[in-house]
Amino acid sequence: MMNYNRRDFLGTTVLATTATLLTSMKAIEPEEFISPRAVKGFSLHIMAPYWGFQGSVTDFCKKAKQDGYDGVEILWATDIAQELFTALKQHQLSVGFLCRGDEPAPAAHFATFKKVLKEAAENKYQKPLYINVHSGKDFFKYEDNKKFIDFTVQYAKETGVPIYHETHRSRMLYSAPASLRYLEENPDLRLTLDISHWCNVSESMLEDQKETVDLALSRTDHIHSRVGHEEGPQVSDPRAPEWKNAVAAHFAWWDKVVAIKKQQGKILTMLTEFGPPSYMPTLPYTNLPVANQWEINTYMMQTWRKRYM
């Protein structure tokens with residue numbers, strides 16, 4: 001007789017039931033959107049997230065190419081550089097890097113931030129399409145956080161590598177009201193829009209902060225297309241009907257960014273960033289994810305191509 005532990009039994013039973021249920025259900029598609037005609041120069045590059053991938057960097061790049069991505073986004077690290085750039089070249093993929101500092105003291109944090117950013121931007125292998133940064137901390141003073149903006153604006157001009165500051169919890173742009181001063185007083189600040197964080201922090205779909213949101217949309221050059229909601233940064237599955245309103249709200253924001261880029265004739269990059277557990281909700285006692293992360297991200301990539309290309 002085969003032996004099962006609690007995790008195996010619950011996981012196998014629930015996942016089998018869930019798979020059967022989902023197979024019989026039709027995914028809820030976002031409402032149709034008539035994308036405006038693009039001015040010459042517009043292009044959309046969709047990136048795959050390494051975050052949560054179970055396998056080597058080489059395997060990741062191979063799968064990203066096979067499934068139709070234009071490139072990958074990955075946390076910069078010197079120890080994976082050679083393998084990464086070999087795989088990028090083999091599969092003809094572009095790359096965007098995530099760079100950050102994590103120290104609680106502003107000076108040490110800023111020093112690490114500058115170090116890793118320079119390593120990523122000036123690597124000897126391949127020029128990144130962009131660099132996404134987790135900058136500063138939510139508890140740093142404005143003057144300390146502003147140093148990150150001033151440095152990246154000047155450094156981007158020197159290197160020609162676009163640098164975007166992510167709207168991310170625990171960082172300086174952790175919420176809409178906290179971000180407003182940075183946006184108003186730093187006109188060259190460019191964003192990675194992950195607006196799911198703002199929904200989570202404000203416990204709303206930002207209906208009462210339209211002016212701040214619109215200002216952020218006008219400064220956005222890169223999007224993390226995860227769907228959040230009032231109580232969390234990630235819905236369980238954007239195809240499920242219970243999340244229809246949250247999905248519609250996010251696509252309404254993204255529609256505006258795409259329209260701006262098409263009118264300007266500029267590049268827009270997007271990362272499909274639905275994450276693994278514990279961003280992905282899990283089943284009790286097992287920590288098994290309630291949906292397939294890679295499958296959801298591929299669905300988001302395909303939906304974006306259909307909607308905006």
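Predicted model: local features only at pLDDT ≥ 70, side-chain atom pairs only at ≥ 80, totals over all residues.
Biologist: How many aromatic pairs does a search of the whole structure find?

Modeller: The search finds 21 aromatic pairs.

Biologist: Let's take Trp76 and Phe85. Why is the pair called tilted?

Modeller: The planes of Trp76 and Phe85 stand at 50°. Stacked needs under 30 degrees and edge-to-face over 60, with the rest counted as tilted, so this pair is tilted. The ring centres are 6.5 Å apart.

Biologist: What makes Trp76 and Phe85 buried?

Modeller: Buried means under 20% relative accessible area. Trp76 has 10%, so Trp76 is buried, and Phe85 has 5%, so Phe85 is buried too.

Biologist: And what kind of aromatic pair do Phe110 and Phe151 form?

Modeller: That one is edge-to-face, with 90° between the planes, and the cut-off for this class is over 60. From centre to centre the rings are 6.1 Å apart.

Biologist: How do you know that the pair ties together parts that are apart in sequence?

Modeller: Phe110 belongs to helix α4 (residues 106-121) and Phe151 to helix α5 (residues 142-159), so the pair links parts 41 residues apart in sequence. Phe110, at 16% relative accessible area, is buried, and Phe151 counts as buried at 17%.

Biologist: Which residues form one aromatic cluster?

Modeller: Tyr50, Phe53, Phe60, Tyr69 and Trp294 do.

Biologist: Turning to the surface, what makes the patch with Glu203 negative?

Modeller: Asp and Glu count as negative, and the patch gathers Glu203, Glu207, Asp208, Glu230 and Glu231. Glu203 itself sits in the loop between α7 (196-202) and α8 (210-218).

How values were computed:
Residues numbered from 1 in each chain as written. Heavy atoms only, no water. Patch = residues over 30% accessible without salt bridge, like charges linked within 9 Å, V, L, I, M, F, W, Y side chains within 5 Å. Areas by Shrake-Rupley, 256 points an atom, 1.4 Å probe, with all protein chains shown as cover. Salt bridge = Lys/Arg side-chain N within 4 Å of Asp/Glu carboxyl O. Charge placed at Lys NZ, Arg CZ, Asp CG, Glu CD. Helix = DSSP H or I, 4+ residues; strand = E, 2+ residues; numbered from the N terminus. Phe/Tyr/Trp six-rings, centres within 6.5 Å; stacked < 30°, edge-to-face > 60°. Buried < 20%, exposed > 50% of the residue type's maximum accessible area, 1.4 Å probe, protein only.
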